[in-house]
Amino acid sequence: MTLVAHDRLVPARWREEQLPWITVAAGRYLLEEELGRGGMGRVHRGWDPLLGRAVAIKLASPRHSETAASPRRALDTRAREARLLREARVLARLSHGNVVRLLDAGREGERAFLVMDLAPGQSLAAWLREPRELCQVLHVAARLARALEHVHAAGVVHRDLKPENVLVDERGEPVLIDFGLALGTGLAREAEPGPAGTLPWMAPEQARGELERVGPWSDVYGLGAVLYRSLGGCPPHEADSPWSLLLEVASGPSPSLAARCPFLDPALSGLVDRCLANDPQARPGAGEVAEELERLLRPSRRRWSSRLLRRLLG
């Protein structure tokens with residue numbers, strides 16, 4: 001189906017380049033290039049001609065290894081679309097400036113889709129490739145902790161917090177994205193063949209496949225792992241193979257950040273170590289993490305940390 005839209009509502013570069021348009025949602029949304037792809041779906045840049053704004057559109061994507069006529073592919077596609085619509089129900093509960101916003105969801109024929117704000121910026125993984133001030137890193141982490149506090153208060157667990165699932169804009173403001181693995185109260189928990197999440201950012205209880213033990217504390221572990229990478233330059237666990245890495249994360253404990261970065265404020269390295277505790281009950285809540293990071297961001301603490309860093313570096 002081809003959508004004819006008023007020229008004034010379509011970006012000029014689309015008209016000039018005559019890009020191919022794919023329509024979804026009864027022709028309302030137009031798809032442009034693919035922005036990213038994950039285990040459960042792919043995200044495209046899109047355009048809403050009714051409101052004249054850019055959006056992000058997520059579609060369920062089947063496994064490439066299966067043929068189009070395969071019964072297994074049909075079953076796999078249905079499962080992925082059901083998970084995509086579950087993600088929509090999770091996102092519908094959330095409203096926070098540091099969490100991606102759901103705009104619409106539905107089906108076009110047999111294809112499910114989500115429409116979300118097109119969050120500007122780059123992934124946290126890319127953002128960290130450039131040198132960053134300590135206060136910038138702590139600001140991003142504090143905002144993420146507040147986002148998680150909101151997510152957990154809504155009865156949701158993200159389960160896949162990692163640098164690739166955080167976008168950072170030019171102002172240094174983060175946005176938490178990709179709730180494809182999220183769990184929510186009142187939503188059925190699907191049987192899973194193995195650990196859900198991404199190594200090395202997943203919590204030990206996730207790595208062990210203990211779904212009944214996964215909760216908000218699992219996201220706090222992921223935040224701690226992201227902070228460890230942001231401050232220490234590498235994730236808390238590394239190994240030569242995925243299997244070895246899985247065993248290392250599952251068995252714990254995580255190495256202390258203070259041993260890798262002795263120049264850091266002990267309150268900061270101690271906070272990261274608590275987030276990475278092997279025992280879920282020993283980890284702080286997301287709100288507590290946010291409060292401590294915000295305290296460390298106060299001017300007096302920043303001056304103290306800067307003086308210590310200059311003294312240690314000569």
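The model is predicted, so local features need pLDDT of at least 70 and side-chain atom pairs count only at pLDDT 80 or more, while totals for chains, interfaces and linings use all residues. Residues are numbered from 1 along each chain as its sequence is written, and side-chain values use heavy atoms, with hydrogens and water left out.

**Exercise 1. Work out the strand order of the open three-stranded sheet and find which strands stand at its edges.**

Step 1: Take strands as DSSP runs (E, at least two residues; helices are H or I, at least four), numbered from the N terminus, and pair two strands if DSSP finds at least two bridges between them.

Step 2: Strand 7 pairs with strand 9 (residues 166-168) in the antiparallel sense over two bridges, and Gln122 stands opposite Val168.

Step 3: The order is 7-9-10, with antiparallel pairing. Strand 7 (122-123) and strand 10 (174-176) each have a single partner strand, so they are the edges, with one side of each left without a neighbour in the sheet.

Step 4: Helix 4 (residues 134-153) packs on this sheet, touching strand 9 and strand 10; contact means heavy atoms within 4.5 Å.

**Exercise 2. Decide whether Ala147 is buried or exposed, and list its contacts beyond four places in sequence.**

Step 1: Ala147 lies in helix 4.

Step 2: Its relative accessibility is 0%, so Ala147 is buried (buried means under 20% relative accessible area, exposed over 50%, partly exposed in between, with a 1.4 Å probe and protein chains only).

Step 3: Leaving out neighbours within four places, Ala147 is in contact with His96, Asn98 and Val99.

Step 4: Check Gly287 too: Ala147 and Gly287 are 140 residues apart in sequence, yet 9.2 Å apart in space, C-alpha to C-alpha.

**Exercise 3. Find which elements the salt bridge between Arg45 and Glu33 ties together.**

Step 1: Apply the rule, a side-chain nitrogen of Lys or Arg within 4 Å of a carboxyl oxygen of Asp or Glu; the count comes to 18 salt bridges.

Step 2: Arg45 and Glu33 meet at 2.9 Å, N to O. Arg45 lies in strand 3 (residues 41-48) and Glu33 in strand 2 (residues 29-37), so the pair ties together parts that are twelve residues apart in sequence.

Step 3: Arg45 is partly exposed at 25% relative accessibility, and Glu33 is partly exposed at 33%.

How values were computed:
Axes are lines fitted to C-alpha atoms, for helices over the stretch in contact, and angles run from 0 to 180 degrees between N-to-C directions.
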